[in-house]
Amino acid sequence: MKNTLRPLALAALLVAGATTTAWALQPNNEPISPIPAAKVTNPAMVELGKKLWFDPRLSKSGFISCNSCHNLSMGGSDNLKTSIGHNWAEGPINSPTVLNSSMNVAQFWDGRAANLKEQAGGPIANPMEMAFTHELAVDLLNSIPGYQAEFKQVFKKDTINIDQVTDALAAFEETLVTPNARFDKWLKGDQKALTKNELEGYQLFRDNGCVACHNGVAVGGNSFQRMGLVEPYKTDNPAEGRVAVTGADADRFNFKVPTLRNVELTYPYFHDGAADTLAEAVDTMGRIQLGKKFTPEENAKIVAFLKTLTGDQPQLTLPILPPSSDKTPRPEPFAKK
Ligand code: HEC
Ligand code: HEC
C-alpha cells in the first residue's frame with residue numbers, strides 16, 4: 001500500500017498549498033521541468049540504430065519494423081487501441097510512445113525491461129510482434145555487406161552480434177527527445193508562451209494532484225502507480241501490470257505512469273487503449289485516481305494545458321537501407337499452414 005498512499009498525501013499537500021491564482025503562478029519550483037535537447041555522443045552509432053529502427057527485414061515477414069508500431073510521424077506510437085503484429089496478430093496492449101522513453105524509470109507498462117538496450121531485444125523475438133529470433137536477425141545482418149561494413153566501423157569487430165544491435169537501437173532511441181514544448185518555454189520564464197486558458201488548465205492539473213504521479217522532466221514515466229486508486233478501473237484487458245514482474249500482490253494493477261509529453265499525438269490512451277480522446281482520459285483520471293468530477297470547462301482547460309506539452313518532434317532524414325545480398329534469407333510474410 002505504501003507507494004500508492006504517497007501520491008495521495010502529496011496531492012493533499014498540493015491542494016492545501018493552492019492559494020495562488022493562475023496569474024500569480026511563477027514558473028519556478030514547479031513539479032515539472034523542461035526537457036533538455038538530446039546530446040549525441042556517437043553519431044555513427046545513432047545513424048546505424050536509425051537504419052535498424054526502420055528495417056523491416058528484422059521481422060519474419062520482412063514487413064514490420066520498429067517504426068510500424070512506434071511511427072515517428074505519429075508521435076512515436078501507432079494510434080491503434082492495441083498494436084498489430086506478425087500475421088495480423090492483435091497485440092495485447094497499447095503501444096507506448098518511444099519519444100522521451102530514455103527518461104523512463106524502466107521500459108514497458110509493467111517495467112519488465114530495465115532500460116532501452118534491454119527492451120530493444122524484445123520485439124524482434126516476440127512471436128506476436130516481429131516474430132524473428134536474435135540468431136536469425138544477426139545472420140540476416142551478417143549477410144548484408146553494407147551492414148557488415150557499418151557495424152565494423154562503429155563497433156570495431158568482425159562479426160555482428162545482438163548486443164551491438166540493441167546498443168545501436170538504444171543509441172538512436174536516446175536521440176528521440178522533444179524539447180521546446182510551449183509549456184517548457186513557460187517554465188523557462190516566457191510568460192507569453194501559454195494562454196490564460198492553458199495556464200488555468202495547468203493550475204487545475206497541479207492543484208488537483210495530477211502532478212503527484214505525472215511530474216518530473218517527462219511529466220510521468222518515473223513511477224509505477226495503481227490504475228484505479230479511489231475507484232476500480234473497469235477493463236476487459238487481462239494485463240495486471242507490475243505484479244507480473246514482482247509477483248507482489250500490492251503491485252496488481254500498478255502500471256508505469258505514462259509520460260504526458262506529446263500526449264496530444266499518442267491517442268488512444270491507457271494500457272488497453274480504451275480512451276479515444278484526451279477529454280475522456282482526463283475525465284477517467286479525475287474520477288478513478290482522485291475522486292474528482294471535473295466540469296466540462298475544467299476538463300477543456302486541462303486538455304488545453306496537455307496540448308502545450310507537444311515539443312519539437314525529432315527531425316529525421318529517412319535512412320537508405322543497404323540492399324540484401326544473394327545469401328540473405330528471404331522473408332516469410334505469412335505463416336505456413
Ligand atoms: C507489433 C508492434 C510493435 C513493434 C514491431 C515494436 N514495438 Fe515496441 N512496443 C509495442 C508495444 C505494444 C509495447 C508495450 C508492451 C508492454 O508494455 O507490454 C512496446 C513497448 C516499447 C518500448 C517501451 C516504451 C515504454 O514507455 O515503456 C520501447 C522503448 C519500444 N517498444 C521500442 C521498440 C523497438 C526498438 C522496436 C524494434 C526493434 C519495437 N519497439 C518494435 C509494440 C511494438
Ligand atoms: C495515482 C497516480 C495518478 C494520478 C493522481 C493521475 N494519474 Fe494519469 N495516469 C496514471 C497511470 C498509472 C496511468 C496509466 C494507467 C493505465 O493505462 O493503466 C495514467 C494515464 C494517464 C493518461 C493517459 C496517457 C497515455 O498515454 O495513455 C492521461 C492523459 C493522464 N493519465 C492524465 C492525468 C490527469 C489529467 C490527472 C489528474 C486529473 C491524472 N492523470 C492523475 C497515474 C495517475
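Predicted model: local features only at pLDDT ≥ 70, side-chain atom pairs only at ≥ 80, totals over all residues.
Me: Switching to ligands. Which residues come nearest to ligand 1?
Reply: C66, C69, G85, F108 and P123, out of 26 residues around ligand 1.

Me: How does the shell around ligand 1 divide by class?
Reply: It has 14 nonpolar, 10 polar and two charged residues.

Me: Now ligand 2. Which residues come nearest there?
Reply: Ligand 2 has 27 residues around it, and C210, C213, Y269, F270 and M285 come nearest.

Me: Where does the largest share of that shell come from?
Reply: From helix α11 (residues 278–290), which gives six residues to the shell around ligand 2.

Me: How many charged residues are in the shell around ligand 2?
Reply: No charged residues. The shell around ligand 2 has 19 nonpolar and eight polar residues.

Me: α11 again. What covers the buried residues of α12?
Reply: The cover includes α9 (196–207) and α11.

Me: And which residues of α12 are buried?
Reply: In helix α12 (residues 296–306), the buried residues are K301, I302, V303, F305 and L306.

Me: Different spot. Where is I160?
Reply: I160 is in the loop between α6 (145–155) and α7.

Me: Is I160 buried or exposed?
Reply: I160 is buried, because 23 other C-beta atoms lie within 10 Å. The cut-off for buried is 20 or more.

Me: Which residues is I160 in contact with, leaving aside neighbours within four places in sequence?
Reply: V138, L141, N142, Y147, Q148 and F151.

Me: How many Å apart are I160 and L318 in space?
Reply: 23 Å, C-alpha to C-alpha. In sequence, I160 and L318 are 158 residues apart.

Me: Zooming out. What is the secondary structure of the protein chain?
Reply: It comes to 12 helices and two strands. Along the sequence, the pattern is α-α-α-α-α-α-α-α-α-β-α-β-α-α.

Me: Why is the protein chain said to be as compact as a globular protein of that length?
Reply: Because its radius of gyration is 21 Å, close to the 20 Å that the globule rule gives for 337 residues. Along the principal axes, the C-alpha atoms fill a box of roughly 70 × 45 × 30 Å.

Me: What percentage of the residues count as buried?
Reply: 43% of the 337 residues. Also, among contacts between residues at least 6 apart in sequence, 71% join residues at least 24 apart.

Me: What is the mean pLDDT of the protein chain?
Reply: The mean is 91, and 91% of residues reach 70 or more.

Me: Where does pLDDT stay under 50?
Reply: Over residues 1–23. For that stretch the model has 24 contacts beyond four places in sequence.

Methods:
Residues numbered from 1 in each chain as written. Chains lettered and ligands numbered in written order. Near = placed C-beta within 6 Å. Nonpolar A, V, L, I, M, F, W, Y, C, P; charged D, E, K, R; others polar. Helix = DSSP H or I, 4+ residues; strand = E, 2+ residues; numbered from the N terminus. Buried ≥ 20, exposed ≤ 12 C-beta atoms within 10 Å, placed from the backbone. Contact = placed C-beta atoms within 7 Å. pLDDT = per-residue confidence, 0-100. Rg over C-alpha atoms; globule rule 2.2 N^0.38 Å.
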